[in-house]
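Hi everyone, thanks for coming. I'd like to walk you through a structure that may be new to you, so please have a look at it with me.

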Amino acid sequence: MTDQPGRPPEERLSAPRPSSAPVPGARFSAPPSTHRNDLTPERAAKIVRQSASARWVGFLAVTVVALFVIGYYFYELGLPGGMTKPRMQAAAEEQQVIDVERGYNIYQANCAQCHGIQGEGGKGPVLNRQDKLFAHLNPDYIRNMLQVGGRYACGTATSIMPIWSNTGTPPGPLNYKQVNDLIAFLRASKAETFTVRDASKFEPVIPTPGATAQTFTGWVDPAYQPAAGATPYPACWQAEFTSGGSTATPAPSAGASGAPASQAPSGAMVNETALNIAFGTGELKAPADTAFTVNFDNQDAGIPHNIAIKDASGATIFTGDLITGPKQIAYSVKALAAGEYTFICSVHPNMTGTLKVGN
Ligand code: HEC
């Protein structure tokens, strides 16, 4: 409309201009307060109120931070008087419990068949005795046993205990974590109760619905102290059962211990065998007041056995030398008074029998 082609440019736009006459009416002007430089009482009061709230906010902020720091301090280092444990210690203990519970499963799956469910011994030596656990079965020793296998204990090349660690030669089935868990279990305290957990899901094992979870305790008695002047447990556990080795029980009175087993057999003969960690017969008969010979045939390959005789009071009156099967030995036993005696294998105290001397 305004720009129609075909016309001279001066005719194209016809924008009317507003008149330049001043517009009548009141001019807009700011209120007088705007132009003042000094504070009005209201304004001053407002500033005071605002700064008071700002201080209040600041105070609250400092309080919150201070409370957090104090709270965190006790969370990290524990409440005074042992009310709570330091955080890192609590975490380490929780981890320790997990290790022990995993170690329990590894032990039951791999070791219990030879060392017993409770470590009471069997094909392998006892593991749960306090005098052994005190210093002999220390973490390094156990680690070496698992790394090297049974020969680490006494140098028996034919030991039936295999190599367990996967860094052994040849590699065994357990990795370093499983070895650590096993050690945690073997060294766990008797005073603590642990939960039996499912090996794969690691959930507590509940025998029947509604029953409480199964538990176990460690073996190590934290309060155990060896008797003053006691000989430390020998480096090779077999030495415990051979003459000259240290014994857990006091040595029998002089002259009562076993005669050398190499003596020629003489007089009455008694035969006994050992197979599968058990004596062949549980009852032996010998004449009274005459020396006799016990022909002992250990048929358990790789497992040491002997025969030790105890009198009615439980004192050991004869200890035969250990032999690792398959092997035979003839023990010469000095004359015994008529009566009933008990004979056991020193290594496997659950192998017992009765020796009837006399009629
Ligand atoms: C096949 C049977 C067998 C199995 C399985 C076995 N051991 Fe042994 N263990 C033995 C025998 C036997 C010895 C004694 C070593 C020797 O021959 O002198 C022994 C010795 C030991 C010793 C040293 C004991 C001492 O008094 O010095 C430790 C520790 C040990 N075993 C731990 C374990 C652990 C842990 C496991 C499970 C991973 C295990 N064993 C599995 C048979 C076994």
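A word on terms before we start: helices here are DSSP runs of H or I with at least four residues, strands are runs of E with at least two, and both are numbered from the N terminus. What you see is a predicted model, where local features need pLDDT of at least 70, side-chain atom pairs count only at pLDDT 80 or more, and totals for chains, interfaces and linings use all residues. Residues are numbered from 1 along each chain as its sequence is written.

Let's begin with the whole protein chain. Its secondary structure comes to eight helices and twelve strands. Of its 359 residues, 23% are buried. By buried I mean 20 or more other C-beta atoms within 10 Å of the residue's own; exposed means 12 or fewer, partly exposed is in between, and C-beta atoms are placed from the backbone.

Now find helix 2, residues 41-77. This helix has 37 residues and reaches 54 Å from its first C-alpha to its last, close to the 54 Å expected at 1.5 Å a residue; that expected span is 1.5 Å times one less than the number of residues. How many of its 37 residues are buried? The number is zero, so helix 2 lies largely in the open. Just after the helix comes Gly78, with a positive phi of about 90°.

Three strands form an open sheet in the order 3-5-10, with mixed pairing; strands pair if DSSP finds at least two bridges between them. Strand 3 (268-274) and strand 10 (327-333) are the edges, each pairing on one side only. Strand 3 and strand 5 (residues 292-298) run parallel and are joined by seven bridges. Thr273, for instance, has Asp297 in strand 5 as its bridge partner.

The loops deserve a stop too. Between helix 7 and helix 8 (176-186) there is a loop that holds Pro170, and a cis peptide bond joins Thr169 to this proline, with omega about -5°. Another cis peptide bond links Gly325 and Pro326, also with omega about -5°; Pro326 sits in the loop between strand 9 (323-324) and strand 10.

Asp289 is exposed, with 10 other C-beta atoms within 10 Å.
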